[in-house]
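Hi everyone, thanks for coming. Let me put the structure up on the screen, and then I'll walk you through it.

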Amino acid sequence: MSRTILITGATSGFGAAAVERFLADGWRVVATGRRAERLQQLVERHGETRLHAAAFDIRDADAMQAALDAIPDAFRGIDVLVNNAGLALGTAPAQRADLAQWRQMIDTNVTALVALTHALLPSLIERRGAIINISSIAGVYPYPGGNVYGGTKAFVSQFSLGLRSDLHGTGVRVTAIEPGMAETEFTLVRTGGDRAASDTLYTGAQPMTAEDIAGVIHYVATLPPHLNINRLELMPVSQSFAGFQVHRD
Ligand code: NDP
Ligand code: 8X3
């Protein structure tokens, strides 16, 4: 029987690659994001039998509810929710950071993720489904300039564990995937469109790809129903850990 997955942030990067991965495997996909033209291109490529696209800003609670209400019958009953939409903005230290950027990261990465999860929990429980939250190594290891972005991802990982605990006995699985460096539009967004900065970060580093992460999301979503991966942290081989900082007068 074909299953249904809702993937947020499906216009780019991990989410876009995950849409392709699950459609290729016969799933019905609800794909969301703000950029309607990119979602429309997906519909043109794949048709509307197994793909439903919903364009809305995930920070807008009314728009989110309207999009959920407008899901066609064939796509109702979500089996897997992939909370992927998210972003980092800026790399400035906290003392020079822009508060509006901090608010946007919290509204997107935390508040919207929580709201969508809350809205879909009844369906996920009814269908003994799964929640896959895209966290980050930034929520595990602090780095200069990671401040609020890292804080939002630490929330995502801890919220995932809390959900696991609350959903005990329901059969619903919850996983936080915590990727390291992967080449998507992530750095372009973080730097306000600085293509050179994005290219410099990834060139020669063999970062993970969106398809790598989509494969991991698919792996987690298709595990036998008695298995739950709580947290899954992954990095490219080229990335590892650095030391602590010591300031000397
Ligand atoms: P991309 O920038 O390529 O994709 C981000 C997606 O999030 C886009 O589809 C974007 O859609 C969507 N999104 C952002 N803001 C909103 C919003 N307000 N409303 C609706 N959708 C929104 O980045 P990635 O694919 O790399 O990022 C996906 C997730 O993975 C994020 O949560 C990110 O933090 C996380 N991550 C990324 C890593 C990396 O190195 N790339 C590593 C670890 C985690 P649109 O702009 O159309 O709204
Ligand atoms: C993205 C990974 O290390 O750039 O979440 O913060 S990192």
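**A walk through the model**

UniProt lists residues 3–184 as "domain: Ketoreductase", in an unreviewed entry; UniProt positions are given here in the numbering used for this model, feature names are shortened, and annotations may be inferred rather than shown by experiment. This is a predicted model, where local features need pLDDT of at least 70, side-chain atom pairs count only at pLDDT 80 or more, and totals for chains, interfaces and linings use all residues. Residues are numbered from 1 along each chain as its sequence is written, while chains are lettered from A and ligands numbered from 1 in the order in which they are written.

Let's start with the fold. The protein has eight helices and nine strands, taken as DSSP runs numbered from the N terminus (helices are H or I, at least four residues; strands are E, at least two). Its radius of gyration, over C-alpha atoms, is 18 Å, close to the 18 Å from the globule rule for 249 residues, so the protein is as compact as a globular protein of that length; that rule is 2.2 Å times the number of residues to the power 0.38. Over residues 3–184, the chain is 44% helix and 18% strand.

Now, the inside. Of the 249 residues, 38% count as buried, meaning that 20 or more other C-beta atoms, placed from the backbone, lie within 10 Å of the residue's own. The largest nonpolar core has 51 residues, and A31 and I217 have the most contacts inside it. A core here is a set of buried Ala, Val, Leu, Ile, Met, Phe, Trp, Tyr and Cys residues joined through C-beta atoms within 7 Å. Helix α8, residues 210–221, gives the most to this core, with seven residues. Apart from that core lies another, of seven residues, including L89 and F186.

On to the ligands. Which residues come nearest to ligand 1? Of the 27 around it, they are G9, G13, R34, G86 and T184; "around" means a C-beta atom, placed from the backbone, within 6 Å. Helix α1 gives the most to this shell, with three residues. By class, the shell has 11 nonpolar, 11 polar and five charged residues. Here Ala, Val, Leu, Ile, Met, Phe, Trp, Tyr, Cys and Pro count as nonpolar, Asp, Glu, Lys and Arg as charged, and the others, Gly among them, as polar.

Ligand 2 is surrounded by S136, I137, A138, G146, G180 and M181. That shell has three nonpolar, three polar and no charged residues.

Key: Buried ≥ 20, exposed ≤ 12 C-beta atoms within 10 Å, placed from the backbone.
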